[in-house]
Amino acid sequence: MISSLPRAFFLFFLLSPAVFFAQERFTVSGIVKDARNGELMIGASILVKDQPSLGTVSNDYGFFSLTLPSGRYVITISSLGYQSQDQSVVLDKNRTLSAALTEASTSIQEVVVQGEKANRNIVGTETSVNRLEVKDLKNIPVLFGEKDILKTIQLLPGVKSAGEGNAGFYVRGGGIDQNLILLDEATVYNASHLLGFFSVFNSDAIKEVNLIKGGMPAQYGGRLSSVLDIKMNDGNNQNYTATGGLGLISSRLTVEGPIEKDKSSFVVSGRRTYADLFLKLSKDSAINKNTLYFYDLNAKANYTLNDKNRFYLSGYFGRDVLGFGTAFGIDWGNTTATLRWNHVFNNQFFSNTSLIYNDYKYNINISQTGIALNIHSAIRDYNLKEDMEYYLHNQTLRFGVNSVYHNFVPGTVSRVTDSITKDTSLLRKYGWENAVYFSDEFSISKRLKANIGLRYSIFSLLGGGEFYTYNKDGSVLDSAFYGAGNIVKTYSGFEPRLALNYVIDAADAVKFSYARTRQYIFLLSNTTSTSPTDLWVPVSNNIKPQQADQYDIGYYKNLKDNIYEASVEIYYKTLDNQIDYRNGAQLRFNQNVESELIYGSGKSYGVEFFVKKRKGRLNGWVGYTLSRTERQFDEVNGGKPFPARQDETHDLSIVGIYDLSKKWNFSATFVYNTGNAVTFPSGRYLIDNHAVGYYTERNGYRLPPYHRLDIGFNYTAMKTAKRESTWNFSVYNAYNHKNAYTITFRPNPDNPIQTQAVETSLFGIIPSVTWNFKF
Amino acid sequence: MRYKFLLSALLAFFASCQKVIQVDLNSAAPTLVVEAAVTDQSIRPVVKLTQTTDYFNPSLPPAVTGAIVTISDDAGNKEIMTEEKPGFYYANKINGVGGRTYFLSVQTGGKEYTAHSFLNPPIPLDSLTYQKDDSPQSAGGKKRYVVLAHFHDPVGKGNGYRFQTQITQAASSTDTSNAKPDLSYRLFTDRLQDGENINYQIRRTLELNDQMQVVMYSFDQNVYDYYFTLSQITGGQQAASAAPSNPNTNIKGGALGYFGALSFQIKTITIR
């Protein structure tokens, strides 16, 4: 497969239509913006009127380029929820065109003018992509009324929650660490606040969210299963505005405005929870001395130098703080910073250069009589990324390079015992990850489009220090010393990507995709819930890179003039070099943590059904997934394959939003899924006269099915062009179903030779209210 | 460990709810369970042989009788143990001596199971002290106390410790949980503090005039691994391992349980 692929790739490129110039062609290019606030519009359609097969979409920076034979054209620029715009162009030379679209009024009495071609899901080559606009999120009821991107994507088919109220997620049977989570291109290593009950993404600061579940385009890499690409707002370059919300346990405020009108703008968005203020109300000194909160801050500024150059600077800073009196404290969080430069070489050639920094770290302080401890751990990346897009007639070439320097600090402990300070550090590790890619999106015929791509990734683990090699049973086989910066081990590989789209007509398409993905860094966690202290590790002498191959075929259909979109997708994915843990593995602060790991393979397959109603008084979606996810390790379950924890036979999500009147809207979500695969005892024996469970198979049992209904009401108290005041009332788990979070087994506390099963459920019915404002 | 404590505090904060439920479980084929100990005190080495039962079986597990159980050491002593009551096998000649390795063989049902364990030279439990408890679990207005065990870990990694406690409550004491037997595995390893003076805090809170007896066991790495992996599947470890499995036993041949060579010391303290 690998060896024959570059040749086929080359052949495709040679035969592609760009090579044969029949008629003189010119290019119309430009930028699409939102007229109200100057935000660049991603994914707007730019189509030739009356010739719907000719067209393109704006890129991540609102830029588009369309090359056509010379002539007169009417170009229609449109985007869902905006009034479309027609512009006449005489293509006797290269032209630029800029468009500022006006939001279609959301008032239900008026006829909403829509873009003529809202069928991007049909005509694009991308497969298995879910796109969410943050506007869509605001009406969906969520826990504590805090609208949340990660909670909302868990309502999409193929995406499974890692647990009640948990921001972690599994995509098509992949692990939590196999999702590439990007915030303005910076990697977010831990996307959860408050031990997973909230995500780190403040939706007020977010413009668009793209979830890629399959057919990953060549410009993405580094994770096996999915990409969650989150883009922050650029900031209003027309007016100053402030938006925010006051909620029961958190509040947020966003301020944005022009620095220089039409040229530059900024946005600053902050959020803080105050759950711990309630703790202070407690009279119990054991509770009121505790702290428990998080805050985060998003900031972004952009500057348009001229038509050809534009700069963006964006950043995120978030911290969680938890403390129990003075005895124990932990804080953790992410920092990201992205500097980007958009450059238009000419009207067909667009480039973006990014310099990215991100880090994730935690600190633990323990102070008890006689001993004080401070533990610190971090992962830090420096990233340079260059992406180019070259637009030809009916063809787009994308290519680029990416170089990341990873810095792993697995743990440093400072201990003060009897006034003596003693430091212990686990070996720091460094990794250099590089990738180059090329992809070509073109039309093979009028109906058949292709996007073929190839990515080559290479990762080097760098010294210095003592590096160990372990046996299959975890004992030390060999060790060697490497100087600082010396290469300990290098892995590399090709990652071919292919997407085909056969457009049957304007409303029907069949798509196929194949993607090979490789991953060089992993998250170690052997508990049921994600923890801020879970450890990221790179490939090494012992840990090999993971590789996945995913095949995906889907049928897409739009109904009733694109009011409904529907799809059926079947996927099959294999994963190799998956990681599991020896029994009783010590993952925290263990110099020999790699000796605790075992390696195996996995596979996952399923079918996803999705129907979405995009407009009208009632809108929303229904998603259903039927799937299976298995893992196989020689050391586990007697070597037989077993269902992965995230194996989920049935998964149903229903999201409905209904406009009752101009002032009121009602929303509801319902989820039902098969319970997690779990390990229960199949026998009992006594040790020290206490009952102990006897385990015979991994994940051979199921938790009871999970189901839950959430409802919400939004009341718009006031809305003018500039000001807005809305109330959100939401009820989580409206019929108060006690879903099992865990079922554990233990000796009967009153008679330890006897046993009992204990079910823990987390959230019953939780009402909340939030006031949102804008001025 | 600390994280689990954190998580449980957080779960409590979010008003989680627990209840005892009925679960249908499979019936595994009965498997041999070996619970064997040799100590450095004047207690005869004992081997207890039982079988697994269905998980919710309320009665005592069946004893395995008629097995041939042999104990030996690296000083050349060897003895076939005597079954004095059903499933309990005792040695009458061999007794534990610190610094020796002990070997166990069990023959039953046509199979042989073997194990060995190193008996640590005695590690003294130097003293017990107590201090006022300032941890957040110590709720209520009453003064609470925790006990610290002080000992010196000998140089050389691989020493494991277990602390077993028993509380004799004062007449004025109100904490009912202290009246129950201690089901927790209070374990310590010298993995990060090899060769140091250790002040091990025992996480039980005492009231004024309560008395606590502490048994400190020390043992080799294999026994520590057994206790540690056992502690992960017993005693209400709520956020414990995502995939519970049988403890890492030092017995070869497919039996459950362990063979521990245990050195131990006992001390008692009263809160005044």
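A:Ser377 counts as buried because it has 24 C-beta neighbours inside 10 Å; the class requires 20 or more other C-beta atoms within 10 Å of the residue's own, while 12 or fewer make a residue exposed and values in between partly exposed, with C-beta atoms placed from the backbone. This is a predicted model, in which local features need pLDDT of at least 70 and side-chain atom pairs count only at pLDDT 80 or more, whereas totals for chains, interfaces and linings use all residues. Residues are numbered from 1 along each chain as its sequence is written, and chains are lettered from A and ligands numbered from 1 in the order in which they are written.

A:Ser377 lies in strand S24 of chain A, residues 371-392. Strands (E, at least two residues) and helices (H or I, at least four) are DSSP runs numbered from the N terminus. Leaving aside residues up to four places away in sequence, A:Ser377 touches A:Lys361, A:Tyr362, A:Val409, A:Pro410 and A:Gly411; contact here means C-beta atoms, placed from the backbone, within 7 Å. A:Thr533 is 156 residues from A:Ser377 along the chain, and the C-alpha atoms of the two are separated by 8.1 Å.

Chain B contains 2 helices and 16 strands. Of its 272 residues, 34% are buried. Among chain B contacts between residues at least 6 apart in sequence, 67% link residues at least 24 apart.

Four strands of chain B make an open, antiparallel sheet in the order S5-S4-S8-S9; two strands pair if DSSP finds at least two bridges between them. Strands S5 (78-80) and S9 (111-118) of chain B each have a single partner strand, so one side of each is left without a neighbour in the sheet. From one strand to the next the twist averages 15°, with axes being lines fitted to C-alpha atoms (for helices over the stretch in contact) and angles running from 0 to 180 degrees between N-to-C directions. Within this sheet, S4 (residues 68-73) of chain B is joined to S5(B) by 3 bridges in the antiparallel sense. B:Ile71 stands opposite B:Glu79 in S5(B).

Another open sheet draws on both chains: its 3 strands have the order S48(A)-S49(A)-S1(B), with antiparallel pairing. Strand S48 (742-748) of chain A and strand S1 (17-21) of chain B are its edge strands, each pairing on one side only. Neighbouring strands are turned by 35° against each other on average, direction ignored. S49 (residues 751-761) of chain A pairs with S1(B) over 5 bridges, and A:Ser761 stands opposite B:Cys17 in S1(B).

Key. Two residues are in contact if their C-beta atoms, placed from the backbone, lie within 7 Å.
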